[in-house]
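Good morning, and thank you for joining this group meeting. Please look at the sequence and the structure while I take you through the fold, the core and the charged pairs.

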Amino acid sequence: MDDTERVEVTDIRVPYRDIDMTGRLHNAAYLAYAETALSHFWRYRPPLEDEPYFHATKIELRLHEALRLDDEARLTVRIDKIGGKSIGFNVAIESGRTLCAEVEIIWVATDRETADPVGLPEDIRDWLYGYLK
């Protein structure tokens, strides 16, 4: 799938390095995959001068069905919440029609110099509303 068609979707194939001794995907790999998908999605935001820094304040992983070696997975980023100073993301990890995991990530916008929370810029807020579920 062309990433310009659906910037919120990332496809992966599970590599051997991410498999534990029981043949299942390492728990930490689900988080790494979700962060990769979110990073891909975030590249398409509107460019802003003096954009605040964003960092995670909450990450929650819900496992449903284990991924295994060479499984093809689709990661879909959805906006769950747009707050005054934060963004809630939900990353669904699916293989075929099976929901394997969900990762909830909350980012807070912070001032570049003081690291104090700041309001979300309107341009980013408007762009995010296009992906609100």
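Let us begin with burial: of the 133 residues in the protein chain, 41% are buried, where buried means under 20% relative accessible area, exposed means over 50%, and partly exposed lies in between, with a 1.4 Å probe and protein chains only. Please keep in mind that this is a predicted model, in which local features need pLDDT of at least 70 and side-chain atom pairs count only at pLDDT 80 or more, while totals for chains, interfaces and linings use all residues. Residues are numbered from 1 along each chain as its sequence is written, and side-chain values use heavy atoms, with hydrogens and water left out.

I turn to the fold. The protein chain has two helices and five strands; helices (H or I, at least four residues) and strands (E, at least two) are DSSP runs, numbered from the N terminus. From the N terminus on, the order of elements is β-α-β-β-β-β-α. The radius of gyration of the protein chain is 16 Å, close to the 14 Å from the globule rule for 133 residues, so the chain is as compact as a globular protein of that length. That radius is taken over C-alpha atoms, and the globule rule is 2.2 Å times the number of residues to the power 0.38. Along its principal axes, the C-alpha trace spans about 45 × 30 × 20 Å. A contact means heavy atoms within 4.5 Å. Among contacts between residues at least 6 apart in sequence, 68% join residues at least 24 apart.

Which residues touch the most other members of the largest nonpolar core? They are Phe41, Trp42, Phe89, Ile93 and Leu128, in a core of 34 residues. A nonpolar core is a set of buried Ala, Val, Leu, Ile, Met, Phe, Trp, Tyr and Cys residues joined through side-chain atoms within 4.5 Å. Helix H1 (27-42), strands S3 (72-82), S4 (86-95) and S5 (98-110), and helix H2 (122-129) each supply at least two residues of this core. H1 gives the largest share, eight residues. Setting aside residues up to four places away in sequence, Ile93 touches several others, including Tyr30, Leu67, Leu75, Leu99 and Val103.

Finally, the charged pairs. Side chains of opposite charge can pair when their charged atoms come close. A salt bridge here is a side-chain nitrogen of Lys or Arg within 4 Å of a carboxyl oxygen of Asp or Glu, and the whole structure holds 11 of them.

In one of these, Glu8 meets Arg6 at 3.2 Å, N to O. Glu8 is buried at 14% relative accessible area, whereas Arg6 is partly exposed at 33%.

Is Asp18, in another pair, buried or exposed? Asp18 is buried, at 10% relative accessibility, while its partner Arg17 is exposed at 68%; their closest N and O atoms are 3.5 Å apart. Asp18 lies in the loop between strand S1 (9-13) and H1. Leaving aside neighbours within four places in sequence, Asp18 is in contact with Arg24, Leu25, His26, Ala29 and Tyr33.

Glu122 and Arg125 also form a salt bridge, with the closest N and O atoms 3.5 Å apart. These two residues are three apart in helix H2, so about one helical turn separates them. Arg125 is buried, at 14% relative accessible area.

To close, a network of salt bridges links Lys58, Glu60, Arg62, Glu102 and Glu104. Thank you for your attention.
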